[in-house]
Amino acid sequence: SWKTSFLVNGPLVNDVLDFSKIEAGKLVLDRHEFDLYDTIYDVVDMLSPVSAEKGLRMAVLFYNDVPMRINGDALRLKQVLTNIVGNAIKFTDSGDVVVRVSLDDYQDNYLMISVQDSGKGISLSDQKMLFQSFSQGDPSITRQYGGTGLGLVISKQLTRLMGGDIGFYDNIHFINRSISYA
């Protein structure tokens, strides 16, 4: 049915559309004041059932010096976090997924949002391919977990549009310095 087709292909279509808009320089951020705490928990609450189904523990560490209200694009921050936290859940078989929200130690008025998981990790060769279009490293990953290979590329481009950076680190897998606030 068309509903089933949309549920299966909808995320793919959205990824391709976002990727195309970003590549063409047509994606415009909707900067406004929003509640950062609510935004973080919206993502975690949405993904908690998937985490619970796998028997994973999820936690959010929201440091007390982080402002609750910031200026930025809440929808695009949710999109990036949904991708990163979703990947952490997808590739973790047991243990924890932890989202940390703190002030950046290296830049004033920047946040550090990190997602740490207890997954098996990624080989050095696959790490180099993480933020490349249509790339998922090991081909068996696509067969086992699905996906378009665009999520991290889109997340990287959105993070840069928001004035931040994103990367991969051993033990703390994804670091997202995504929002400057005033």
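Trainee: Why is Val80 called buried?

Mentor: Buried means under 20% relative accessible area, exposed means over 50%, and partly exposed lies in between (1.4 Å probe, protein chains only). Val80 has a relative accessible area of 0%, so the residue counts as buried. Val80 is found in helix H3; helices (H or I, at least four residues) and strands (E, at least two) are DSSP runs, numbered from the N terminus.

Trainee: On what basis are such values given?

Mentor: This is a predicted model, in which local features need pLDDT of at least 70 and side-chain atom pairs count only at pLDDT 80 or more, while totals for chains, interfaces and linings use all residues. Residues are numbered from 1 along each chain as its sequence is written, and side-chain values use heavy atoms, with hydrogens and water left out.

Trainee: What is the pLDDT of the protein, and where is it below 50?

Mentor: pLDDT is the predictor's confidence in each residue, from 0 to 100. The mean for the protein is 77, and 67% of its residues reach 70 or more. Residues 1–13 have pLDDT below 50, and this stretch has three contacts beyond near neighbours in sequence, a contact being heavy atoms within 4.5 Å. The pLDDT is also below 50 over residues 172–178, a stretch with 46 such contacts in the model. Where pLDDT is low, the predicted coordinates should not be read in detail.

Trainee: What makes Asn109 partly exposed?

Mentor: Its relative accessibility is 40%, so Asn109 falls in the partly exposed class. Asn109 lies in the loop between S4 and S5, and its phi is near 60°, a positive value in a residue other than glycine.

Trainee: Why is H6 described as largely enclosed by the rest of the structure?

Mentor: Eight of the 11 residues of H6 are buried, and therefore the description applies. Those buried residues are Gly151, Leu152, Val153, Ile154, Ser155, Gln157, Leu158 and Thr159. Just after H6, Gly163 takes a positive phi of about 90°.

Trainee: How are the axes of H3 and H6 placed relative to each other?

Mentor: Axes are lines fitted to C-alpha atoms, for helices over the stretch in contact, and angles run from 0 to 180 degrees between N-to-C directions. By that convention, the axes of H3 and H6 come within 9 Å and cross at roughly 145°.

Trainee: Which residues make the contact?

Mentor: H3 supplies Arg76, Gln79, Val80, Asn83, Ile84 and Asn87, and H6 supplies Gly151, Leu152, Ile154, Ser155, Leu158 and Thr159. Between C-alpha atoms, Val80 and Thr159 are 7.5 Å apart in space, although 79 residues apart in sequence.

Trainee: How many helices and strands does the protein have?

Mentor: There are six helices and seven strands. Of the 182 residues, 42% count as buried.
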